[in-house]
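Hello,

Here is the structure I said I would pass on. Please look at it first, then read the notes below it.

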Amino acid sequence: MDVIRKRLLFRARHMGTNENDIFFGEFAAAHLPSMSDEQLGRFETLLQVSDPDLFLWITGAKPVPPEHEHDVMKMLQGFTPFQVVRETDDK
């Protein structure tokens, strides 16, 4: 894993709230290796948003602002950490 992806993985695992640390950390571990440079940039921008706002956007409790409505947000909204655990257990 390159330096940018390692930095983003660390940041995703240390966001501030336990819920986001777990969710974003698992998402990053699963998706960072295959993300394009553009997607990495969008993910990095999302990591700069406040934890409560991100949580509300991902759960659908609050609408996503237009500037954050993109492919990475859709990936986050469709992701569940359970998928990663289950896929790992099935192997």
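The model is a predicted one, in which local features need pLDDT of at least 70 and side-chain atom pairs count only at pLDDT 80 or more, while totals for chains, interfaces and linings use all residues. Residues are numbered from 1 along each chain as its sequence is written, and side-chain values use heavy atoms, with hydrogens and water left out.

Some terms before going on. Helices (H or I, at least four residues) and strands (E, at least two) are DSSP runs, numbered from the N terminus. Buried means under 20% relative accessible area, exposed means over 50%, and partly exposed is in between (1.4 Å probe, protein chains only). A contact means heavy atoms within 4.5 Å.

In helix 1, the buried residues are Arg5, Leu8, Leu9 and Ala12. Seen down the axis of helix 1, they fall within an arc of 105° (taken from the directions from the helix axis to the C-beta atoms), so they line one face of the helix. Val3 and Phe10, on the other side of helix 1, are exposed.

Is Arg5 buried or exposed? Arg5 is buried, with a relative accessible area of 12%. Arg5 belongs to helix 1, which covers residues 3-13. Leaving out residues up to four places away in sequence, Arg5 touches Leu32, Pro33, Met35 and Leu40.

**Helix 3**

Gln39, Leu40, Phe43 and Leu46 are buried in helix 3. They cover an arc of only 120° around the axis, which puts them on the same side of helix 3. On the other side of this helix, Asp37 and Glu38 are exposed. What do the buried residues of helix 3 pack against? They pack against helix 1, helix 2, helix 4 (51-59) and helix 5 (71-78).

**The whole chain**

The chain has 6 helices and 0 strands. Of its 91 residues, 34% are buried. Among contacts with a separation of 6 or more, 56% are between residues 24 or more positions apart. The accessible surface (Shrake-Rupley method, 1.4 Å probe; for residues, only the protein chains shown count as cover) comes to about 5,600 Å², and 57% of that surface belongs to carbon and sulfur atoms.

Regards
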